[in-house]
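Below is a short report on selected local features of one protein model.

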Amino acid sequence: MGQQSLPPPPIAPPPPQPLPPPAQVGAVAAGGCQVRCAGCKMVLTVLPGLTEFVCPTCQLPQMLPPELMRSTQTLAPGPAQQPRSAPAHGIDPTKIQLPCANCKAILNVPHGLSRFNCPQCLISLAVDLSKIGQVLPSVRPPLPPEEVNEVAIEVEREEDEGGLAGETFMDYRPPKLSIGPPHPDPIVETSSLSAVQPPEPTYNLKIKDELESSKALSCLQIETLVYASQRHLQHLPNGARAGFFLGDGAGVGKGRTIAGLIWENWQHGRRKALWISVGSDLKFDARRDLDDVGATCIEVHALNKLPYSKLDSKSVGVKEGVVFLTYSSLIASSEKGRSRLHQLVQWCGQFDGLVVFDECHKAKNLVPEAGGQPTKTGEAVLDIQARLPQARVIYCSATGASEPRNMGYMVRLGLWGAGTSFADFREFLGALEKGGVGALELVAMDMKARGMYVCRTLSYKGAEFEVVEVPLEDNMMDMYGKAAEFWAELRVELLSASTFLANEKPNSSQLWRLYWASHQRFFRHMCMSAKVPAVVRLSKQALVEDKCVVIGLQSTGEARTEEAVTKYGLELDDFVSGPRELLLKFVEENYPLPDKPEPPPEDSVKELQRKRHSATPDVSFAGRVRKVAKWDAESEEESEWQSETDTEPETESDDEFQICNICNSEEERKKLLQCSCCSQLVHPSCLIPPVVEVISGDWSCHSCKEKTEEYLRARQAYYEELLKRYEAALDRKLKILEIIRSLDLPNNPLDDIIDQLGGPDKVAEITGRRGMLVRASGGKGVTYQARNTKEITMEMVNMHEKQLFMDGKKLVAIISEAGSAGVSLQADRRAVNQKRRVHLTLELPWSADRAIQQFGRTHRSNQASAPEYRLLFTNLGGERRFASIVAKRLESLGALTQGDRRAGPSLSAYNYDSAYGKRALMMLYRGLMEQEPLPIVPPGCSLEKPDTIQDFILKGKAALVSVGIIRDSVLGNGKEPGKISGRIVDSDMHDVGRFLNRLLGLPPEIQNRLFELFVGILDLLIQNARVEGHLDSGIVDIKANRIELQGTPKTVHVDSMSGASTVLFTFTLDRGMTWESASTLLEEKQKDESGSSNNGFYESRREWMGKRHFILAFENSASGMYKICRPNLGESIREMPLVELKDKYRKLSALEKARSGWEDEYEVSSKQCMHGPNCKLGNFCTTGRRLQEVNVLGGLILPVWGTIEKALSKQARQSHKRIRVVRIETTLDNQRIVGLLIPNAAVESVLQDLAWVQDIDEE
């Protein structure tokens, strides 16, 4: 800090020197004062009330001397006395500011510190307290801070986190309909959705009697028919007919439900319907479903088999029935520009029939992320709805609403637009994104309450889940490590090869894009191949146990196989190695070679001389033209030109006599020799040696001959140098290709598995590929052959393979995402093959939607047995965590879209690419680049050995350099020879996807350590967010020993279209645990001999307001942590490590002391919170209160969303501002309510904003 002119300082020694007072100090007219700046000595006027300021000239922060502070206060009473709230730069308002006696720097001295060294001049100083009193009478040590109750803070955090979701699913039966037989398999619904009742059914089915006698549809499928038909009688405020969303999970029987709807509408005379799905072969399933419900008379027309002309014309003849098409047909058009969309709209006319969007998640991305483009499919789905406003729309998908963004095409649900709280979809999306996970769950509940949504899921009861870790075998580990090294070397090779190219820049970015895309595909392939031996082992084991096997994967490697067949022919020595072919293709097509030089033309010296002469600059233009013409003519048609010149009369008199360039004498032109190159004329006798014979052709002088020969030599050398470079680069490329061919790399997993499990005769393949490699009958070599035969078309091959599997002729099926959409492979009671399915996942899709679709192939209605799931993963990078989370979700079962986000194989917890993931990655990069310390100790390192951390950072940097994350890297910068420096571009700092993909290309050891570090930082960030109350945890359970509904619920809003209402419920809760319950619990724990000696009653080590807090702690054998029970809150959700427990609490040996403390706290907490009687929030505070009141807004929430958001935003406590969805169940009559938790302090404000309140019984 700069020096200041101040009164004698109260610090000694050395003895203070009296300083001259600042010049011109005194009051100015405005009541301020003038001071001289401590830095530049300028006189400054300081306004009244200011004690800290910055000099406008030298920018030095400073403050008034203490005696002037007093004078400004007396001169400017009132508001001017208030100092500025923001202290000057460097001033710490919690400390005393004192000047150093030596260098005059202002120092921030903590209260009570008597001796210290000046940090600027290092002189030893002592504080003289008697003088501080004289100079700074206003300075007083601050009051001790308000006593902080640590236990109260801990409890508050726990309460803000809320309870964990308990039983996620409830058995489902139609609550208000009893038509039809029960469903053949147990069906469940998320407990949040089951807390909502649908509207009263008022629609009478025409096919009701027929269905009751045929039993073709179950009671819950009939329930869907009733609610969908009822919804289709309603219209939205904009005049369009309302739509229905069928969100049943995979395998519940959506196809048959749709068939029932078509049959019901047919009975009402609506004879046309559109059925839009994902694959054309699902047309056969549609035909089967219609036959099952008795609608055999309704024809199904496949649109892809029909011409583009009018469908109801005589030539086509489609007058009525179901037109079945795919989403890709919807956006198709003919060469003449006719579109399928236009053709369908024309056929429908004034249409009020069914339009079914089956598997409608295909239309997602209508509203893409910022910067993206909406998909054509999404736009076409929107367009056909706009053109057919009276159509009866059904949206049908198990995963349709997994992201609110994906609901953009569901315009007929009436959730946004005229007559709603949201003007358009973007506003609706904004509200949901702010509301977080819980908001989407509320949307599902709202839709069910309004009668436009059903969402049931097959119970996975009976299905078994096992996560199988497949450690990389030694040879695979070796293969993987060598491949990672090879890719790193290839990158260096490409970098150096690129520098030889003159026009490097244009192709450079393209080269690296292709490099990283191939790199990612290569290592994904390696991960898959690593699991092949385990898949084969598990499959054979299942077949021995009389089960059958379904193997799920994402990619088939078809492109690589076809390239290899094109290159090597139809017969090969062995199966194609996908990774090898990928590498070969990349290097062959993209290795940067210089252009191959053209060999120089075989010109003779004479020809070259002529060419040079024709371009000699000292010849006149006319002469040059003449000579060029002459040379050209001679070379082409010499004799003809010669005869012409012979007969041509001489017109130029200058040519008769010319001067010799050597002797300078004049001579007749014809007696002189002329050089054909430089045009000089000489006597033949003047030359050395003299020319004696007659020269008939061109002649050139000695100097021109030498120059020409030199040029020829230089040109040849240049050519040879270019050729040498080209051949060296080509040689390097061929060597790299040779290395790739010699690398030990795995075969294509799909072909390998089929081969090891007995070939195509034993394995049904349901994929999108056209051909496959089959081992020759002799066992040597493989042959490429088409998957279909003469009898079966390519379009039908998957259906044929599926049938062979279902008939038991093949007991292993391999499915890919492309080939298996909508396919049923369960142990169907109608099929011959009813053996238990063992579903192995060789490759898990990275999308939750796709994972659910894949698992739904083998777990469907009407099955004889539930499948066994084996989730396979390697011990590389992200795979272990990824697979375990899927298994965990599957156990609690369901699909992501059902109101409850935890209800299915949702990978949202595995969403590394979240805001937290991006922050974690940035911290990891900054830590490795040594810009800031790493927030956690890297795996395999310890704080006691800093060298291990330094070694890890060096290895991590080298790894990131090898995969191109750290760019412009330099090893050693002079001062520190072992260090790597470089930069990470801004776009990479937050790109989690790129980090995870590039990570795969590292040797396993460093790959796993870097991944563990990333995940460790991510867990830390999420943990901190949870502690601070910022983490969005979706639906939260409110648990208590006693929960009672207080009074009559109040209706605060009624929806005009459906009649559904928004209701405010008030509950009273008793959360405490009596001494009797606590001591009984401890006795039970002590009976268990394996119990910990640390189990027992504890008291807090600290007192608050003269009291201590009491707890019961006992070890959870599964986690090794301690469960905590409190007298006021019962059992706590959070478990405590032993170290923390012993640090904060002391074990009690005297039970009597524990009893009196426990009972006292139990009693006091019934009336007041843990902050004591003087709590700032007063009666509204519920922290640690045993008896409390909870207000929950249930029923329809979306119509009043904006009002609630506004009321909550005014709340004082941060956790109260967040919209939180809770589930609460009364203890006596088990009445379950799911809704928004309204903090007690906000209830009045919410009710005022909702404008009217009325008791239900007064309606």
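Phi of N1230 is near 50°, a positive value in a residue other than glycine. N1230 sits in the loop between β45 (1221–1225) and β46 (1232–1238). Helices (H or I, at least four residues) and strands (E, at least two) are DSSP runs, numbered from the N terminus.

E930 is not a glycine either, and has a positive phi of about 60°. The loop between α27 and α28 (946–962) holds E930. Its relative accessibility is 32%, so E930 counts as partly exposed.

## Basis of the values

This is a predicted model, in which local features need pLDDT of at least 70 and side-chain atom pairs count only at pLDDT 80 or more, while totals for chains, interfaces and linings use all residues. Residues are numbered from 1 along each chain as its sequence is written, and side-chain values use heavy atoms, with hydrogens and water left out.

## Helices α6 and α7

The axes of helix α6 (residues 219–231) and helix α7 (residues 254–267) cross at roughly 50° and come within 9 Å. Axes are lines fitted to C-alpha atoms, for helices over the stretch in contact, and angles run from 0 to 180 degrees between N-to-C directions. α6 and α7 are therefore oblique to each other (under 35 degrees counts as roughly parallel, over 145 as roughly antiparallel, 65 to 115 as roughly perpendicular and the rest as oblique).

From α6, the contact (heavy atoms within 4.5 Å) involves Q221, T224, L225, A228 and S229; from α7, it involves R256, T257, G260, L261 and E264.

## Aromatic pairs

There are 24 aromatic pairs, where rings of Phe, Tyr and Trp (its six-membered ring) pair if their centres lie within 6.5 Å, and planes under 30 degrees apart count as stacked, over 60 as edge-to-face and the rest as tilted. W487 and F523 form a tilted pair, because their ring centres are 6.4 Å apart and their planes stand at 50°. W487 belongs to helix α14 (residues 474–499) and F523 to helix α15 (residues 504–530), 36 residues apart. Both W487 and F523 are buried. One aromatic cluster is formed by Y480, W487, W512, Y515, W516, F522, F523 and F586.

Y925 and F995 have ring centres 6.0 Å apart and planes at 80°, so this pair is edge-to-face. Y925 lies in helix α27 (residues 915–928) and F995 in helix α30 (residues 992–999), so the pair ties together parts 70 residues apart in sequence. Y925 is buried at a relative accessible area of 0%, and F995 is buried at 1%.

Technical notes: Buried means under 20% relative accessible area, exposed over 50%, partly exposed in between (1.4 Å probe, protein chains only).
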